[in-house]
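Consider the sequence and the structure shown here before reading on.

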Amino acid sequence: MKDSNTTTASKKTAATATKSKTTAASKSKTPAASKSTASKTTTPKGTVKPKASAAEGLRELFVDSLKDIYWAEKALVKALPKMAKNATSQNLIDAINQHLTVTQGQVTRLEQVFASVGEKAAAKKCDAMEGLIKEGEGIMEETELGAVRDAGIIAASQKIEHYEIATYGTLAAFAKTLGEDEAVSLLTETLNEEKEADITLTEAAYNTINFDATEGEEK
């Protein structure tokens, strides 16, 4: 009888131990399952997954955008001299060289914007500006030196100006929302310069260059 009781007790102990392990394993899987469910709930299909460094607030987005246009302006300072060398219209050459000086001032002004919001000036690669500059280089490669290339340079330059106008307009709006009055003033000054540059390019195109580019095509 003693041996029988001992055997029965051992079986009960083993069964209890097995049940405890099963329960523990089930509990350990629960958080993972919940995490998976939460992930599916907060990240719908087709939603772009943000980077670990993604902006969570408007101020972060504002500063990130400042870094983007800072890179863009510095890249443009390097690209404008090449455009000027490939232009033949003196009006266009003068307009490009003038805008180069203005752009250099805009780089300095952006550094003032960074300082006004308590941030260190830093550049972050701007894919849009890189693409626009490459497109401009492609236009120069695909056109003969003269009025036709001048027309192409103006087209490429105006695309750049329109991108900058949109960017500075947005940045000024962000700064206003954030209560950064000094930044608003500085960014608006640059925005107005970009609008003036766009008008100058339009006048250069319509006054002479586009008309000259059509010569030889008329029958």
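## Salt bridges between helices

At 40% relative accessibility, Lys159 is classed as partly exposed. The model is a predicted one. Glu135 is likewise partly exposed, at 33% relative accessibility. Lys159 and Glu135 form a salt bridge, with their closest N and O atoms 2.5 Å apart. This pair links distant parts of the chain, since Lys159 sits in helix H5 (residues 147-177) and Glu135 in helix H4 (residues 127-141), 24 residues apart.

Side chains of opposite charge can pair when their charged atoms come close. The structure has six salt bridges, including those in the table.

| Salt bridge | N to O distance |
|---|---|
| Arg109 and Glu189 | 3.2 Å |
| Glu193 and Arg109 | 3.0 Å |
| Lys159 and Glu135 | 2.5 Å |

The side chain of Arg109 forms a salt bridge with that of Glu189. Arg109 belongs to helix H3 (residues 90-116) and Glu189 to helix H6 (residues 181-213), so this pair ties together parts of the chain 80 residues apart in sequence.

Is Arg109 buried or exposed? Its relative accessible area is 11%, so Arg109 counts as buried, the cut-off being under 20%. Glu189, in contrast, is partly exposed, with a relative accessible area of 40%.

Arg109 also meets the side chain of Glu193 in a salt bridge. Glu193 lies in helix H6 and Arg109 in helix H3, so this pair ties together parts that are 84 residues apart in sequence.

Methods. Residues numbered from 1 in each chain as written. Predicted model: local features only at pLDDT ≥ 70, side-chain atom pairs only at ≥ 80, totals over all residues. Heavy atoms only, no water. Salt bridge = Lys/Arg side-chain N within 4 Å of Asp/Glu carboxyl O. Helix = DSSP H or I, 4+ residues; strand = E, 2+ residues; numbered from the N terminus. Buried < 20%, exposed > 50% of the residue type's maximum accessible area, 1.4 Å probe, protein only.
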